[in-house]
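The exercises below concern one protein chain. Work each task from the sequence and the 3D structure, then compare with the solution.

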Amino acid sequence: MGKADIEFLRYVPIFADLTDVELERITKLGSRKKFSKGGIILLEKESAASMFVIVTGKVKVVRMDEEGREVILSILGESDFFGEMAILDGQARSATVVALNKTEIFVIQRHDFLKLIHSHPIVGIALLRELTSRLRKADAQIKSLSLKDALGRVATVILQISDDIGIFRKGRVEIDDLPMQQDLANMAGTSRETVSRTLHRFIKKGQLQLQGNKLIICDYEQFKQQYT
């Protein structure tokens, strides 16, 4: 097995401190699965049997609101992982995960992952650190969405997506495959028309650029400072 076979694990936060030999052992614990665009990787409320690492592609983590609308909780890209909560507590899945494009996933079964934590406590510590970071981020987003007006809520969602899947280049952030405006509206708790008006307002002010389905934050730090 060559380095290319373990390279994707090297950038997964919970595995970052392991050696090449240890990473190679992990690759032997799991298997790879491919999903086409729109493919359902896991369903909310189904029983938990495995944890997932994204090798290539992007996925969206979604739940249904009280009115039956799909709400995107987060978008994950290469080297992100999901399914860890249900793996740890043995409860049903808390959300549905859908492939946004052609996606390859590395799957580790629950019993193998739990054995891995026991044999490599550093993985468990890194997992706790990552879960804490996600919880802090979620708390901050909930606070922002509950206290801000529509303009601020749309900006918060844009910043969330940029942190999830944005590509940072010299102060700019490029977001490929921007979710549809209705998805952004559901995330921000507003209407699609409001999202459209708000995006054009940001564009007119020179803060954002829209190129097809790519959104560019011209000065990320300035935009973040103004709307957080």
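**Exercise 1.** Determine whether Ser 162 is buried or exposed, and list its contacts.

Solution. Ser 162 has a relative accessible area of 0% and is therefore buried (buried is under 20% relative accessible area, exposed over 50%, partly exposed in between, with a 1.4 Å probe and protein chains only). The residue lies in helix 6 (helices are DSSP runs of H or I with at least four residues, strands are runs of E with at least two, and both are numbered from the N terminus). Not counting residues up to four places away in sequence, Ser 162 touches Phe 168, Val 173, Ile 175, Ile 217 and Tyr 220 (contact means heavy atoms within 4.5 Å).

The model is predicted, so local features need pLDDT of at least 70 and side-chain atom pairs count only at pLDDT 80 or more, while totals for chains, interfaces and linings use all residues. Residues are numbered from 1 along each chain as its sequence is written, and side-chain values use heavy atoms, with hydrogens and water left out.

**Exercise 2.** Describe the overall dimensions and composition of the protein.

Solution. Begin with the secondary structure, which comes to nine helices and twelve strands. The radius of gyration is 19 Å, close to the 17 Å that the globule rule gives for 228 residues, so the protein is as compact as a globular protein of that length (the radius is taken over C-alpha atoms, and the rule is 2.2 Å times the number of residues to the power 0.38). Along the principal axes, the C-alpha atoms fill a box of roughly 55 × 40 × 30 Å. Of the 228 residues, 46% are buried. Finally, take the contacts between residues at least 6 apart in sequence: 68% of them join residues at least 24 apart.

**Exercise 3.** Give the strand order of the open sheet of four strands and find its edges.

Solution. The order is 1-8-3-6, with antiparallel pairing (two strands pair if DSSP finds at least two bridges between them). Strand 1 (31-35) and strand 6 (81-82) each have a single partner strand, so they stand at the edges and one side of each is left without a neighbour in the sheet. Two bridges join strand 3 (residues 50-56) to strand 6. Within this antiparallel pair, Val 53 stands opposite Phe 81.

**Exercise 4.** Examine the hairpin of strand 4 and strand 5.

Solution. Strand 4 (residues 59-64) and strand 5 run antiparallel and are joined by six bridges. Strand 5 (residues 70-76) has five of its seven residues buried, so it is largely enclosed by the rest of the structure.

**Exercise 5.** Work out which residues of helix 7 are buried and what covers them.

Solution. Six of the eight residues of helix 7 (residues 181-188) are buried, so the helix is largely enclosed by the rest of the structure. They are Asp 183, Leu 184, Ala 185, Asn 186, Met 187 and Ala 188. Their cover includes strand 5, helix 5 (121-147), helix 6 (150-165) and helix 8 (192-204). After helix 7 comes Gly 189, with a positive phi near 70°.

**Exercise 6.** What is the nearest side chain of opposite charge to Arg 93?

Solution. Locate Arg 93 in the loop between helix 3 (84-89) and strand 7 (96-99). The nearest side chain of opposite charge is that of Glu 46, 4.4 Å away (Lys and Arg count as positive, Asp and Glu as negative; His and the chain ends are not counted). Arg 93 is buried yet has no salt bridge (a side-chain nitrogen of Lys or Arg within 4 Å of a carboxyl oxygen of Asp or Glu). A polar atom of the Arg 93 side chain lies 3.1 Å from the backbone oxygen of Gly 83.

**Exercise 7.** Trace the salt bridges of Glu 174.

Solution. Arg 169 bridges to Glu 174, with the closest N and O atoms 2.7 Å apart. Lys 214 also meets Glu 174 in a salt bridge, at 3.4 Å from N to O. Lys 214 lies in strand 12 (residues 214-217) and Glu 174 in strand 10 (residues 172-175), so this pair ties together parts that are 40 residues apart in sequence. Glu 174 is buried, at 13% relative accessible area, whereas Arg 169 is partly exposed at 45%. A network of salt bridges links Arg 169, Glu 174, Asp 176 and Lys 214.

Note on methods. A polar contact is a pair of N or O atoms within 3.5 Å; within protein, one must be able to donate a hydrogen and the other to accept it, and residues adjacent in sequence count only if both atoms are side-chain atoms.
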